[in-house]
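Please keep the viewer open while reading.

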Amino acid sequence: MSALTFDKSELGNLEYSLQREMLATDRIGGYMSTTIVCCNTRRYHGLIVAPVDDSDRTYLLLSSLDETIVQHDQSFNLALHRFQGVYEPRGHKYITDFQYTPTPTITYRVGGVILRKEMLWIHKRTQLMIRYTLVDAHSETRLRLRPFLAFRDKHALTKANMKANGHSYPAVNGVKCRLYESFPWLYLQTSKPGTEFVPAPDWYYNFEYLQDIARGYEGHEDLLTTGYFETGLKKGESIIFSASLDEMGSTKTIEEMFEASIARRTHKIDFISCLEHSARQFVVRRPGDRTEVVAGYPWHGFSARQMFIALPGLTLAQDHKEDCIDALDTQVRGMREGMFSGSASAAEAADAPLWFFWTLQQLEKKMDGKSIWSRYGGVMKELLESYRRGIADRVVMNDNGLVWASSEELPLTWMDSVVDGHAVTPRNGYQVEVNALWYNAVCYALRLASENGDTEFVKAWEEIPSRTAASFNELFVLPQGYLADYVGAEGADDTIRPNMIVACGLPYKMIGIETQIDILRIVRQHLLTPKGLRSLTPRNPLYKGTCGGTPAERDFAAKNGSVWPWLLQFFVQASFDIDGDAFLPQAEEMLASFEEDIQVYGIGSINDLYDADPPYTHRGAISQAWSVGAVLNIYRMIREWKKER
C-alpha cells in the first residue's frame, strides 16, 4: 500500500463508501470526522467538534460545508446528505478520487471542471482549513460554500428553534457566528480577498444519520445555515476556507498557516506509519497542564484503565517517552488520600491503579529502575497500601493476600456493561485479572524497593507475594487445566473467558509453566480469532456471535462473545514467554491480520471490537486507543525478538 486511496467506482458505491470514515484531530481535544464522501452518518460526525471551555465536554459546532460549482448559470452541488431516506444532493457522483495522506483530499469532476479539496485540521488550535484548487476549467467558474451549524453537545441532536441566532457578523474577509450566547464565536473566513458572503439564514430539516438509527438511537437533526460564501476561481487558482475559534488577522496569514501546517504532516505510507499516526491522535494536551488519552473516537472520552493499557503501545513503541510520563503525572497529581481519583480510582475500576504498575514496567525499558522509583516509588507504595487498607468498602486485600472487589452499584472490572440496571457479567469477588495484576504490582514494587534500598517497604511487604500466589493457585487453577474467571461467594466461576490470559502475559506470574501452556491451549481453542480474543467461548449458551441490534443487545454481546483486540497483546506476550522466537511466524501472522483494517471502517486506524463470528465485522468506535496500542505493542515485541535472534 503506497497510500490510502479510493477510486471513483468505490466512492460512487454508497454501500462501500459510507462504511469508511475518516478522522483528524487537533491534539487538544477537538476532531473532524465524517465518511470519505463527506456524508455524515452519525451525530458525532462533523467538521469542527471540540471543547469550548475548561470542561471535558465536547461540542459539535460546524457540521458540514456544502460546495457548489456554478458554471453557465448552472449549479452543481458537490455535497451528499440523506433526508428521510433520500439522498439529496448526490454529489458523490462527481468524486473521482480520495487520498488519505498527507491530509484527506478529495477530487471532484463536473464536466470539464476538476476541483481538488484538501481538508486540514491545525494542530494545537481549534481550526479547520480546507483548500480548494480549480485544477482545470474551460469556462468562467464560481465556487459557493455553505456552512451548516449545530452548536450542541456532541452526544445530542439539535432541532429548529427560535433561540438560535441566525445572523452573521463581519470578520476579516469573512464572518463570525454564534448560535447561542453560551458558546464562543466561530470565525468563518477565506484566503481570497473580496470573497462575498451572502446572508441567507435558514433551517434545513431532518438530516438523517444512518449509523445512529442502525444502533438504535434517534437519528434526525435540523441544522442552521446563516448564508454562503461565493467567489470566482480561475484555472490553477486556490482558495482556503478557515473555520476557527480564533480570528485570523489577514488572508495572507491563512495561506501561510495552511502551507506551514501541511508541510509538517507525516506521510502515512504503510500499515505501521498509519497506526503510529493514529496513536498520536489519542494523546491530548488539555488546559491546566493535563495530558490525557482519548479512549476512542468519535464518542468516547477519558478512561484511566484504557489509558494505562494503551500508553505503552501509543507512546513508548514510538519512543515518545515524555508523552507517557506526562499522562502518568497527570493522574498522580489528581491523587487523593493515597488513591487516584475519577475513573483511575479503584473505587470505580478495581484494576485501573494496578495497570499503572504495568505501564511503569514498560516505561522502565526506556529509563532505568532507579529513575522510576525516584519519581513514582512513593505513589506505588501509597496505591498498594490503599488496597491493603480497603477502598470505599468495595475493594480490599484480604488476609489470604488476594484482592476482593465487589459492588452492587457498578461493575468494577473492564467487563462493565450494564443492562436494565444489572451487570451483564456479574463478577463480584476475586477476579482473575485483578489478582494477577495485584501480584505483579507488589512484586514489581518490591524489586524496585530492594534495588533502591527501601528496606522498610521490603520488610512490610516481602511475605505478601508468596501468600497471594498460594491462595491464587488454590482457588483459581481448575481441574480442567485453566483458570476460573472469578471466585465469588458461591465459589469458582469456570466460564471460559479471556481474562485469564492477563495472568500469563504479565512480567510476574503466579502460575507454573504447565498451567500457562494449558491456558494458551484453551484460549487458542475457544477464544482466539484473527482480530483478538472473544469475550466468551462459543460453547457457552450466553454466547452472542454478532454485536448488533439495540443498545442493550450490543452491550450484552460485547461482553458475551465480541472480539477485543486489546487482549491479544497478552496472548502474544505469553506465547513469546513460552516459545521464544519460535512464535515469531505466528506473531507476524497475527499482526498482518490487521493490515486490511486500516482501509475499512476507521481509515488508518483500528476500531474497538469485532463480531465474534466470521467475517468478524467491525463494531464500536472507529478508532480505539487500546486497540491501536495493542497492535503497536505486538509490533514492538516482534521487532525485539527479531533483534535477539
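Helix axes are lines fitted to C-alpha atoms over the stretch in contact, and angles run from 0 to 180 degrees between N-to-C directions. Helices (H or I, at least four residues) and strands (E, at least two) are DSSP runs, numbered from the N terminus. This is a predicted model, in which local features need pLDDT of at least 70 and side-chain atom pairs count only at pLDDT 80 or more, while totals for chains, interfaces and linings use all residues. Residues are numbered from 1 along each chain as its sequence is written, and side-chain values use heavy atoms, with hydrogens and water left out.

## Helix pairs

| Helix pair | Angle between axes | Axis separation |
|---|---|---|
| α5 and α18 (residues 625–644) | about 135 degrees | 10 Å |
| α6 and α8 (residues 352–363) | about 10 degrees | 8 Å |
| α10 (residues 432–451) and α12 (residues 464–476) | roughly 160 degrees | within 10 Å |

Handedness has its own rule: a crossing is left-handed if the near helix is turned anticlockwise from the far one by less than a right angle, and right-handed if clockwise. Contact means heavy atoms within 4.5 Å. For residue classes, Ala, Val, Leu, Ile, Met, Phe, Trp, Tyr, Cys and Pro count as nonpolar, Asp, Glu, Lys and Arg as charged, and the others, Gly among them, as polar.

Take α5 and α18. Their axes pack at about 135 degrees, so the two helices are oblique to each other. α5 passes α18 in a left-handed crossing. On the α5 side the contact uses F271, I272, L275, E276, S278, A279 and F282, which meet A625, V628, V631, L632 and Y635 of α18. By class, this contact has ten nonpolar, one polar and one charged residues.

Next come α6 and α8. Their axes lie 8 Å apart at an angle of about 10 degrees. That makes α6 roughly parallel to α8. The crossing of α6 past α8 is left-handed. R305, F308, I309, L311 and P312 of α6 meet A352, W355, F356, W358, T359 and Q362 of α8. This contact divides into eight nonpolar, two polar and one charged residues.

α10 contributes V432, N435, W438, Y439, V442, C443 and L446, and α12 contributes I464, P465, T468, A469, F472 and F476. Eleven of the contact residues are nonpolar, two are polar and none is charged.

## Pockets

Pockets are found on a 1 Å grid over the protein atoms alone, with a 1.4 Å probe; a pocket is an open set of points with protein on both sides within 12 Å along at least five of seven lines, and lining residues have an atom within 4 Å of a point. Grid points are joined across faces, edges and corners, and a volume is the space filled by probe spheres set on the points.

What is the volume of the largest pocket? It holds about 1,300 Å³ of space. Its lining counts 46 residues, with W299, H300, D555, D608 and L609 nearest the centre. α3 (210–214), α6 (304–314), α15 (551–558) and β34 (618–619) each supply at least two lining residues. α15 gives the largest share, four residues. By class, the lining has 20 nonpolar, 15 polar and eleven charged residues.

The second largest pocket has a volume of about 420 Å³. It is lined by 17 residues, and R27, H123, K124, R265 and R280 lie nearest its centre. α4 (251–263), α5 (271–282) and β20 (283–286) each give two or more residues to this lining. The lining divides into three nonpolar, five polar and nine charged residues.

## Backbone exceptions

Most residues other than glycine have a negative phi, and most peptide bonds are trans. The bond from T101 to P102 is cis, with omega near 0 degrees. P102 sits in the loop between β9 (95–99) and β10 (105–110).

The loop between β33 (609–610) and β34 holds P615. The bond from P614 to P615 is cis, with omega near 10 degrees. Y616 lies in the loop between β33 and β34, and its phi is positive, near 55 degrees.

A392 is not a glycine, yet has a positive phi of about 50 degrees. A392 lies in the loop between α9 (369–389) and β23 (395–397).

Notes:
Angles under 35 degrees count as roughly parallel, over 145 as roughly antiparallel, 65 to 115 as roughly perpendicular and the rest as oblique.
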